Amino acid sequence: PTLRRDPNTERKRTLLDFLHQNLSNQEMAERLNLSLSSVKASLRELYEEHNVKDRCGLLLATQGLRLE
């Protein structure tokens, strides 16, 4: 499976990469020069897209995802 392209795909790919590196939301925000609330909102969008409720579910859902 691949992650569909949309205007926010690059940010989502980066957040998924950071998530798989076990970075905290604050660390993600600092690396991307975003507010903490922006990171949290983007992660919530990813949770919804993958029908999961939390980080652990998102990690499991995206474990084998090929990001293009």
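Select Asn33. At 71% relative accessibility, Asn33 counts as exposed. Here exposed means over 50% relative accessible area, buried under 20%, and partly exposed in between (1.4 Å probe, protein chains only). Asn33 sits in the loop between H2 and H3. Helices are DSSP runs of H or I with at least four residues, strands are E runs of at least two, and both are numbered from the N terminus. Look at the backbone too: phi of Asn33 is near 55°, a positive value in a residue other than glycine. Most residues other than glycine have a negative phi.

A word on what is on screen. This is a predicted model, where local features need pLDDT of at least 70, side-chain atom pairs count only at pLDDT 80 or more, and totals for chains, interfaces and linings use all residues. Residues are numbered from 1 along each chain as its sequence is written, and side-chain values use heavy atoms, with hydrogens and water left out.

Go to Asn51. It lies in the loop between H3 and helix H4 (55-61). Is Asn51 buried or exposed? Asn51 is exposed, with a relative accessible area of 72%. Its phi is near 55°, again a positive value in a residue other than glycine.

**Zoom out**

Show the whole chain as a cartoon. How many helices and strands does the protein have? There are four helices and zero strands. Along the sequence the pattern reads α-α-α-α. Of the 68 residues, 32% count as buried. The accessible surface comes to about 4600 Å², and 45% of it belongs to carbon and sulfur atoms. Such areas come from the Shrake-Rupley method with a 1.4 Å probe; for residues, only the protein chains shown count as cover.

Contacts come next. Contact means heavy atoms within 4.5 Å. Among contacts between residues at least 6 apart in sequence, 50% join residues at least 24 apart.

**Into the core**

Select Leu15, Met28, Val39, Leu43, Leu46 and Leu58. Of the 13 residues in the largest nonpolar core, these touch the most other members. A nonpolar core is a set of buried Ala, Val, Leu, Ile, Met, Phe, Trp, Tyr and Cys residues joined through side-chain atoms within 4.5 Å. Helix H1 (9-20), helix H2 (25-32) and H3 each supply at least two residues of this core. In soluble globular proteins, nonpolar side chains tend to be buried together.

Click on Leu43. It lies in helix H3. Leu43 is buried, with a relative accessible area of 2%. Not counting residues up to four places away in sequence, Leu43 touches Leu15, Asn25, Met28, Arg55 and Leu58. Draw a distance line from Leu43 to Leu58. They are 15 residues apart in sequence and 9.0 Å apart in space, C-alpha to C-alpha.

Click on Leu15. Which residues does Leu15 touch, not counting residues up to four places away in sequence? They are Met28, Leu32, Val39, Ser42, Leu43 and Leu46.

**Where H1 meets H3**

Display H1 and H3 together. Their axes come within 10 Å and cross at roughly 90°. Axes are lines fitted to C-alpha atoms, for helices over the stretch in contact, and angles run from 0 to 180 degrees between N-to-C directions. That makes H1 roughly perpendicular to H3. The labels go by angle: under 35 degrees is roughly parallel, over 145 roughly antiparallel, 65 to 115 roughly perpendicular, and the rest oblique.

Show side chains at the contact. H1 brings Arg11, Lys12, Leu15 and Leu16, while H3 brings Val39, Ser42, Leu43, Glu45, Leu46 and Glu49. By class, there are five nonpolar, one polar and four charged residues. Ala, Val, Leu, Ile, Met, Phe, Trp, Tyr, Cys and Pro count as nonpolar; Asp, Glu, Lys and Arg count as charged; the others, Gly among them, count as polar.

Pick Ser42 in helix H3 (residues 36-49). Ser42 is buried, with a relative accessible area of 8%. Leaving aside its neighbours within four places in sequence, Ser42 is in contact with Arg11 and Leu15.

**Last stops**

- Leu23: in the loop between H1 and H2, and buried, with a relative accessible area of 8%. Beyond neighbours within four places in sequence, Leu23 contacts Phe18, Met28, Arg31 and Arg55.
- Asp17: in helix H1, and partly exposed at 40% relative accessibility. Asp17 and Met28 are 9.9 Å apart, C-alpha to C-alpha.
- Glu27: in helix H2, and partly exposed, with a relative accessible area of 35%. The C-alpha atoms of Glu27 and Val39 are separated by 9.8 Å.
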